[in-house]
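Have the sequence and the 3D view ready as you read.

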Amino acid sequence: KSHVKIVSYNLLAECNVKKDLYPRTPDWVLEWHRRKHVLLTELLGWGGDIVCLQEIEEFETFFLPALSRAGYDGRLKQRTGGKLDGCAILFRRSRFELQHYRDIEYNVGGDMDRDNV
C-alpha cells in the first residue's frame, strides 16, 4: 500500500503582511528576505509528495528553483487584480507526472467576482 503525503501551507505573502495585525511579533520575524528561507526549510522538512501553497510570492524566482533542485515540479496560479501572490501546487517528480494543466479563473463576474485564486 502506497501512501501519499500532502502538505498545505499558507505562506503569508509579503504583500499581505500588515504589521498592525501582528502587534506582538518582532519586525524581523515578518521580514520577507528572512522568512522565505525559513519557510523553504520548513517545506522541505515536511517532505510532502504534493505541496499546496497559498499566498506565495517569488514562485518563479525563489521557490520553484529551490524546490526543483529537491525533486519537485509545480505550477502557480497568480491572483488577479494586480496582486503579487497566488497559489501553487507542486509534486514530487519521482512519484507523479504532470499530464495536464489548466488555470481556472474565478474573477469572471457573478457571485465569485473577486480577486482570489
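Which residues does F63 touch, not counting residues up to four places away in sequence? With contact meaning heavy atoms within 4.5 Å, F63 touches L11, W32, K36, L40, L43, I56, E57 and E58.

Before going further, a word on the ground rules. This is a predicted model, in which local features need pLDDT of at least 70 and side-chain atom pairs count only at pLDDT 80 or more, while totals for chains, interfaces and linings use all residues. Residues are numbered from 1 along each chain as its sequence is written, and side-chain values use heavy atoms, with hydrogens and water left out.

## The nonpolar core

A nonpolar core is a set of buried Ala, Val, Leu, Ile, Met, Phe, Trp, Tyr and Cys residues joined through side-chain atoms within 4.5 Å. Buried means under 20% relative accessible area, exposed means over 50%, and partly exposed lies in between (1.4 Å probe, protein chains only). The largest nonpolar core here has 18 residues, and those touching the most other members are L11, L43, V51, L53, I56, F63 and L90. Two or more residues of this core come from each of α2 (32-46), β2 (50-56), α3 (59-69) and β4 (86-92). These names refer to DSSP runs, numbered from the N terminus: helices (H or I) have at least four residues and strands (E) at least two. Helix α3 gives the largest share of the core, six residues.

## Aromatic rings

A pair of aromatic rings is described by the distance of the centres and the angle of the planes. Rings of Phe, Tyr and Trp (its six-membered ring) pair if their centres lie within 6.5 Å; planes under 30 degrees apart count as stacked, over 60 as edge-to-face and the rest as tilted. The whole structure holds two aromatic pairs. One of them, W32 with F63, is tilted, at 6.3 Å centre to centre and 50° between the planes. W32 lies in helix α2 and F63 in helix α3, so this pair ties together parts that are 31 residues apart in sequence. F62 and F63 form an edge-to-face pair, with 4.9 Å from centre to centre and 85° between the planes. Through these ring pairs, W32, F62 and F63 are linked into a cluster. W32 is buried at 4% relative accessibility, F63 is buried at 0%, and F62 is buried at 13%.

## Salt bridges

Side chains of opposite charge can pair when their charged atoms come close. A salt bridge is a side-chain nitrogen of Lys or Arg within 4 Å of a carboxyl oxygen of Asp or Glu. There are seven salt bridges in the whole structure, including the ones below.

| Salt bridge | N to O distance |
|---|---|
| K36 and E58 | 2.7 Å |
| D49 and R95 | 3.0 Å |
| R79 and D85 | 3.3 Å |

K36 belongs to helix α2 and E58 to the loop between β2 and α3, so their pair ties together parts that are 22 residues apart in sequence.

D49 is buried at 8% relative accessible area, and R95 is partly exposed at 33%. Salt bridges that share partners join D49, R92 and R95 into one network. As for the remaining pair in the table, both R79 and D85 are buried.

Another positive phi, of about 50°, belongs to L12, which is not a glycine. L12 is found in the loop between β1 (6-10) and α1 (27-30), and L12 counts as buried at 18% relative accessibility.

D73 lies in strand β3 (residues 72-78) and is partly exposed, with a relative accessible area of 23%. Leaving aside residues up to four places away in sequence, D73 touches I89, L90, F91 and R93. The side chains of D73 and R75 are joined by a polar contact of 3.2 Å. A polar contact is a pair of N or O atoms within 3.5 Å; within protein, one must be able to donate a hydrogen and the other to accept it, and residues adjacent in sequence count only if both atoms are side-chain atoms.
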